[in-house]
Amino acid sequence: MNLAINDDTMDSIYKKPLRDILEGLDCDIFGDVDDILITDLSNDSRQAKPGDLFVAVPGFKFDGAKFIPEAASMGAVAIVTKKKIKGLEHMPLIVCKDVRKVMSRIGSRFFNQPSRNLDIIGITGTNGKTTVTYMISHLMSALGKSYGKIGTVEYYTGKRTIQAINTTPDTIEIHRMLAEMVECKLDGCVMEVSSHGLDQNRCNDIEYAAAVFTNLTQDHLDYHKDFENYFAAKAILFEKLLKRDGVAVLNANDPYAERLNKLTAAKTITYSAIINGSQTNDADIVLIDKGYENNNRHYELKYNDQTLVGSIPHLGKFNLINTAAAIATVTGLGYDITEAVEAMKRAPQVPGRAEKIVAGQPFEVIIDYAHTPDALENLLTGVDSKGRKIIVFGCGGDRDKTKRPIMGQVAAKYADRLFVTSDNPRTEDPHKIIEDMLPGIPTGVDYDVIEKRDEAIVKALMVAEPDDLVIIAGKGHEDYQVIGNTRHYFSDPQVVLSSLKKLGYAGN
């Protein structure tokens with residue numbers, strides 16, 4: 001997908017002399033850059049255009065240096081690369097040790113340091129980022145502010161809504177979108193900040209007015225190797241990128257919050273949600289679960305000397321901690337907490353997050369993105385059902401293998417009927433992934449292995465009885481299955497709706 005903005009307005013605003021873009025950077029320049037005007041940036045040779053500065057990023061699968069000749073043939077007028085390339089003596093080469101760091105600085109400079117003209121709110125953590133992003137965006141709108149959005153589901157810039165490719169896009173596209181938000185005169189941007197994005201320097205030159213920490217649980221250890229590396233990546237947002245006059249919003253229920261509190265120079269505000277009676281009430285903002293009734297989750301909020309009563313139109317108990325994070329964020333930024341609590345009563349449904357599917361069936365069906373042990377446990381313990389809890393779930397290929405049996409163990413502990421299936425197998429054998437999950441399921445647990453995901457969903461719906469709750473976990477908003485290196489269209493909600501129709505339900 002090409003996110004580049006190619007209209008004449010953008011071109012006229014962002015043309016810059018190459019010499020100015022490179023000033024003071026830690027790099028060696030080969031060739032004459034004095035008379036070169038850069039009209040855009042690119043790091044994908046297929047999208048390079050005449051006048052581009054092309055950044056050849058050393059990737060994890062492909063080295064961008066291999067595509068330099070193609071970028072040059074497309075009209076790129078200068079190249080940023082890690083090593084000097086022979087045969088390109090006719091154009092300037094900018095050679096630097098850390099291409100990603102230089103690309104971040106270049107992106108910010110080319111687009112006039114857009115984060116300085118926006119209040120950027122970054123949300124990081126293993127689980128809850130997307131929901132908190134949507135909630136904060138909703139609150140800002142209710143409080144009279146206009147915010148862009150960058151996250152797992154979509155990017156919104158004021159002009160465009162774009163289906164997301166990555167939770168945190170590459171640094172050129174981030175600054176491009178932030179620049180468009182400035183053009184649209186938005187007040188700020190709420191963005192999910194992934195550990196990968198932080199570790200790979202995609203966010204280096206963004207100045208954050210607020211940083212929100214949701215939690216740290218097992219995920220991405222195939223990349224980070226251990227929890228300390230995982231935590232260190234998350235900590236970058238609070239230690240290096242958060243403005244000193246900004247606010248750190250920390251989940252007091254998570255033990256890693258105290259470490260973040262000690263390393264940040266910004267002011268802090270903590271939040272907590274007491275759901276099962278075991279969480280801490282030692283926080284600045286505390287939400288206390290008061291049950292689910294009339295399609296609303298009710299809560300009591302404690303803040304300083306205030307006690308407020310609120311609700312959210314969401315099913316899961318776990319959404320109370322997300323609500324606490326959103327309210328704490330806007331409160332920490334100086335907005336009125338009473339108005340925030342009132343606005344949360346109208347919070348929107350987040351795509352693929354405990355999303356209800358209604359087609360006239362006598363049992364409930366929800367779609368959720370839960371794909372980590374912690375998220376799956378929160379999901380299963382956080383939704384109530386008069387009947388059985390029936391779950392369809394799997395594990396992704398080419399990702400953290402250690403969590404696979406734990407996923408099986410969690411599902412077996414909290415659900416009554418299990419359907420173990422495929423979920424983005426990528427280059428792994430789906431059957432082998434399932435075999436890795438099964439050791440976590442104790443003997444005697446009622447489960448079926450159905451490798452094809454659509455067939456597993458259909459079977460789960462077929463066995464559901466009145467008052468049961470069918471949970472389709474793992475993919476949420478995603479509308480694809482990755483098999484091999486190819487994305488194939490696949491939508492859990494669509495499969496559910498078509499299956500319910502075939503089963504004779506009339507629809508909503």
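Helices here are DSSP runs of H or I with at least four residues, and strands are E runs of at least two, numbered from the N terminus. The model is predicted, so local features need pLDDT of at least 70 and side-chain atom pairs count only at pLDDT 80 or more, while totals for chains, interfaces and linings use all residues. Residues are numbered from 1 along each chain as its sequence is written, and side-chain values use heavy atoms, leaving out hydrogens and water.

**Helix 4**
- Just after helix 4, Asn112 has a positive phi of about 65 degrees.
- At the helix start, a side-chain oxygen of Asp98 comes to within 3.3 Å of the backbone nitrogen of Arg100.
- Helix 4 is largely enclosed by the rest of the structure, because 9 of its 12 residues are buried (under 20% relative accessible area; exposed is over 50%, partly exposed in between; 1.4 Å probe, protein chains only).
- Among those buried residues are Val99, Met103 and Phe110.

**Salt bridges**
- There are 24 salt bridges, each a side-chain nitrogen of Lys or Arg within 4 Å of a carboxyl oxygen of Asp or Glu.
- Glu173 pairs with Arg176 at 2.9 Å between the closest N and O atoms, and both sit in helix 6 (residues 171-183), 3 residues apart.
- Glu173 counts as buried at 9% relative accessibility, and Arg176 is buried at 1%.
- Lys432 bridges to Asp436 at 2.8 Å; both lie in helix 15, 4 residues apart.
- Shared partners join Asp40, Lys49, Asp52, Glu173 and Arg176 into one salt-bridge network.

Terms used. Polar contact = N/O pair within 3.5 Å; in protein donor to acceptor, adjacent residues only side chain to side chain.
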